[in-house]
Structures are given as structure tokens and as C-alpha cells.
Amino acid sequence: MHIDWAALGSVFGVSLAVTVGLVGLFTLGIVGLTKREAAASGTAGNAAVARAGAYTCFALCAAAVAYGIHLIVA
């Protein structure tokens with residue numbers, strides 16, 4: 001049996017980077033929703049921008065998960 005350590009390391013590195021990226025993106029979405037609630041007491045423009053940013057983060061997370069499922073199924 002022969003193990004391609006370079007390929008295994010590459011898969012590990014990419015998996016780690018994508019996982020950290022997705023968790024960070026989801027965290028930004030949650031922070032955006034929190035800022036939206038804080039900005040609701042201020043101007044309406046700040047609340048709308050925070051909500052749009054949070055929804056964009058969540059949409060990008062959903063797109064990444066859907067792409068991962070597509071890669072597994074196809």
C-alpha cells in the first residue's frame with residue numbers, strides 16, 4: 001500500500017481553510033444581525049446595510065454547502 005502524503009496534506013489544508021472560512025462567514029452573518037438590532041435604535045440606513053450584509057453572508061454559506069453537496073453527489 002502506498003500513501004500519497006502530498007495529496008493527503010493538500011486535502012487536509014484545503015478542508016481546514018474552507019471550514020475556517022465558512023465558520024468565519026457564518027459568524028460575520030450573526031454579528032451583522034446583532035449590529036442590525038443595535039442599529040435599529042439609530043438610523044434606518046445602518047440597519048438595512050447590516051441586514052443585507054448578514055443575509056449575504058448566510059447566502060454565501062448556503063451556496064458553499066450546496067456546492068459541496070453537488071461535488072459529493074456528482
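**Entry 1: the aromatic pair**

I began with Phe58, which is partly exposed at a relative accessible area of 22%. For this I used the cut-offs of under 20% relative accessible area for buried and over 50% for exposed, with partly exposed in between (1.4 Å probe, protein chains only). I note at once that this is a predicted model, in which local features need pLDDT of at least 70 and side-chain atom pairs count only at pLDDT 80 or more, whereas totals for chains, interfaces and linings use all residues. Residues are numbered from 1 along each chain as its sequence is written, and side-chain values use heavy atoms, with hydrogens and water left out.

How many aromatic pairs does a search of the whole structure find? I found 1 aromatic pair. The rings of Phe26 and Phe58 have centres 5.2 Å apart and planes at 55 degrees, so I recorded the pair as tilted. Phe26 in helix H1 and Phe58 in helix H2 (residues 44-73) are 32 residues apart, and the pair thus links distant parts of the chain. The rule I followed pairs rings of Phe, Tyr and Trp (its six-membered ring) if their centres lie within 6.5 Å, and counts planes under 30 degrees apart as stacked, over 60 as edge-to-face and the rest as tilted. Phe26 is partly exposed, with a relative accessibility of 41%.

**Entry 2: the whole chain**

I looked up the secondary structure next and noted 2 helices and 0 strands; these are DSSP runs numbered from the N terminus, with helices (H or I) of at least four residues and strands (E) of at least two. Of the 74 residues in the protein, 11% are buried. The accessible surface of the protein comes to about 5600 Å², and carbon and sulfur atoms account for 75% of this. Accessible areas come from the Shrake-Rupley method with a 1.4 Å probe, and for residues only the protein chains shown count as cover.

**Entry 3: from helix H1 to other residues**

I then checked some C-alpha separations. Lys35 is in helix H1 and counts as exposed at 53% relative accessibility; its C-alpha atom is separated by 9.4 Å from that of Ala54, 19 residues apart along the chain. Thr27, also found in helix H1, is partly exposed at 40% relative accessibility, and its C-alpha atom is separated by 9.3 Å from that of Ala54, 27 residues apart along the chain. Leu28 lies in helix H1 and is exposed, with a relative accessible area of 51%. For Leu28 and Thr56, 28 residues apart along the chain, I noted a C-alpha separation of 9.9 Å.

**Entry 4: a surface patch**

Which residues form a nonpolar patch on the surface? I listed Met1, Ile3, Trp5 and Leu8, which together have about 560 Å² of accessible area. Leu8 is in helix H1 (residues 5-39) and is partly exposed, with a relative accessible area of 46%. Patches are made of residues with over 30% relative accessible area and no salt bridge, joining like charges within 9 Å and nonpolar side chains (Val, Leu, Ile, Met, Phe, Trp, Tyr) within 5 Å. A salt bridge here is a side-chain nitrogen of Lys or Arg within 4 Å of a carboxyl oxygen of Asp or Glu.
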